[in-house]
Amino acid sequence: MELHSSWAEAMRARDYAAAWALERQVIAARDPATRDDPSLPYHQRWVWDGSAVDGVDVLVRCYHGLGDTLQFARYLPALVRRARSVTVEAPVRLHALLAGIAEVSLHPFDPARPLKPSSCDIEITELPGALELAPDDGPACYLRVAPAPIPAFTVGLCHQAGDWDADRSLPEALLAPIAERHRCLSLVAAPSTLPVINADGCPFDLAATAALVAGCAAVVTVDTMVAHLAGALGRPTWLLLKHQPDWRWDPTRHDSDWYPTVRLHAQPRAGDWMPVLARVASELHAFFDDQGETNHGQFAQPVGARLLG
């Protein structure tokens, strides 16, 4: 735990050499017999043994969440340039998006029947340490998705994160002032009570969701996969963070090395979303004034299903 804390501090301080050294220290201390331990849940396993990726067949396993996979997929083109071959074992829901990032062999991740080990196995979140590449060592926007034909000046809203960390989510009603002032659509795959143009919510389909995000003029989201989609697509994004977010977001900053178009807004106190939403609403209003949008409010006209996938 102490080493992980030091690693997180080094990453936030942009001391990547120190972070990579700490990572290799952790790997060296591990028992090789516990590698990819089948007795552990997939997200708790370690995969990479510290071996070089150059000139060998590399199997990238995607054991973490969809957002994690999208975040670290930025390193796949660099891996392709260095490895002999690259196979990515990922959830099928992500394949359409990953295929546009790098030319890799994509295989479905079936927890019951994972692929056999390759010359070098690595979990996708371990790629920056293996390649020794910082967040900005590569293109800032690395997803290419055709935008859905939604109305101009539309704001995408996402209030719901994964069930495993309820503190990341916020009550949907807290976004009502934004939805009442701007044309908005929901990026949550569930019916919405807000005055949005898709009251039934967005499709439970990542490619369709990505197209909606790509078509938005701006995105307001909690810390979940939508934030990574928006950042990787280069959309202006306001990210709502709990008081103590995880290592990838620095609550003392409003910008992010991971995604240059994302602005960070962390709670000043645990559970207190109101100051965050007030600042975001003000910044969003100023952003649209700069963009030339003058007709704020009264934007809840429904949009046909053909526009929403």
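Helices here are DSSP runs of H or I with at least four residues, and they are numbered from the N terminus. By that count, Arg-181 belongs to helix H7, which covers residues 176-181. The model is a predicted one. Arg-181 is partly exposed, and its relative accessible area is 37%. That value is called partly exposed because the class lies between the 20% limit for buried and the 50% limit for exposed. His-285 is 104 residues away along the chain, yet the two C-alpha atoms are 8.5 Å apart.

Now step back to the whole chain. It holds 10 helices and nine strands. Its C-alpha trace spans about 60 × 40 × 35 Å along the principal axes. How does the radius of gyration fit with a compact globule? For 309 residues such a globule would have a value near 19 Å, and the chain has 20 Å, which agrees. Of the 309 residues, 51% count as buried. Take the contacts between residues at least 6 apart in sequence: 66% of them join residues at least 24 apart.

The surface comes next. The chain exposes about 14100 Å², and carbon and sulfur atoms supply 54% of that area. There are 26 positive side chains and 37 negative ones. The centres of these two sets lie 3 Å apart.

Turn to the interior. In soluble globular proteins, nonpolar side chains tend to be buried together. Here the largest nonpolar core has 73 residues. Within this core, Val-60, Leu-79 and Val-88 have the most contacts. Leu-79 shows how the packing is made. Beyond its neighbours within four places in sequence, Leu-79 is in contact with Val-53, Val-58, Val-60, Val-86, Leu-127 and Leu-131. Another core, of 24 residues, lies apart from the largest one. Among its members are Cys-184, Val-220, Leu-284 and Phe-288.

Helix H8 runs over residues 206-215, and eight of its 10 residues are buried. The buried set is Leu-206, Ala-208, Thr-209, Ala-210, Ala-211, Leu-212, Val-213 and Ala-214. What do these residues pack against? Their partners are helix H3 (66-72), helix H5 (95-98), strand S6 (184-186), strand S7 (218-222) and H9.

Helix H9 covers residues 225-232, and eight of its eight residues are buried, so it is largely enclosed by the rest of the structure. Those residues are Met-225, Val-226, Ala-227, His-228, Leu-229, Ala-230, Gly-231 and Ala-232. After H9 comes Gly-234, with a positive phi near 75°.

Most residues other than glycine have a negative phi. Arg-14 sits in the loop between helix H1 (2-12) and helix H2 (16-29). Its relative accessible area is 44%, so Arg-14 is partly exposed. Asp-36 is another case: it is not a glycine, and its phi is positive, about 50°. Asp-36 is found in the loop between H2 and strand S1 (57-61).

Two more residues round out the tour. Is His-265 buried or exposed? His-265 is buried, with a relative accessible area of 0%. It lies in strand S9, residues 262-266. Not counting residues up to four places away in sequence, His-265 touches Trp-238, Leu-239, Leu-240, Leu-241, His-254, Val-276, Arg-279, Val-280 and Glu-283. Gly-162 is 103 residues from His-265 along the chain, and their C-alpha atoms are separated by 19 Å.

Phe-109 occupies the loop between strand S3 (105-108) and strand S4 (120-123). Its relative accessible area is 17%, and Phe-109 is buried because the limit for that class is under 20%. Setting aside neighbours within four places in sequence, Phe-109 is in contact with Tyr-42, Cys-62, Tyr-63, Glu-89, Ala-90 and Pro-91. Leu-174 is 65 residues from Phe-109 in the chain, and 37 Å separates their C-alpha atoms.

Notes: Residues are numbered from 1 along each chain as its sequence is written. This is a predicted model: local features need pLDDT of at least 70, side-chain atom pairs count only at pLDDT 80 or more; totals for chains, interfaces and linings use all residues. Side-chain values use heavy atoms; hydrogens and water are left out. Helices (H or I, at least four residues) and strands (E, at least two) are DSSP runs, numbered from the N terminus. The radius of gyration is taken over C-alpha atoms; the globule rule is 2.2 Å times the number of residues to the power 0.38. Buried means under 20% relative accessible area, exposed over 50%, partly exposed in between (1.4 Å probe, protein chains only). Contact means heavy atoms within 4.5 Å. Accessible areas come from the Shrake-Rupley method with a 1.4 Å probe; for residues, only the protein chains shown count as cover. Lys and Arg count as positive and Asp and Glu as negative; His and the chain ends are not counted. The place of a charge is taken as NZ of Lys, CZ of Arg, CG of Asp or CD of Glu. A nonpolar core is a set of buried Ala, Val, Leu, Ile, Met, Phe, Trp, Tyr and Cys residues joined through side-chain atoms within 4.5 Å.
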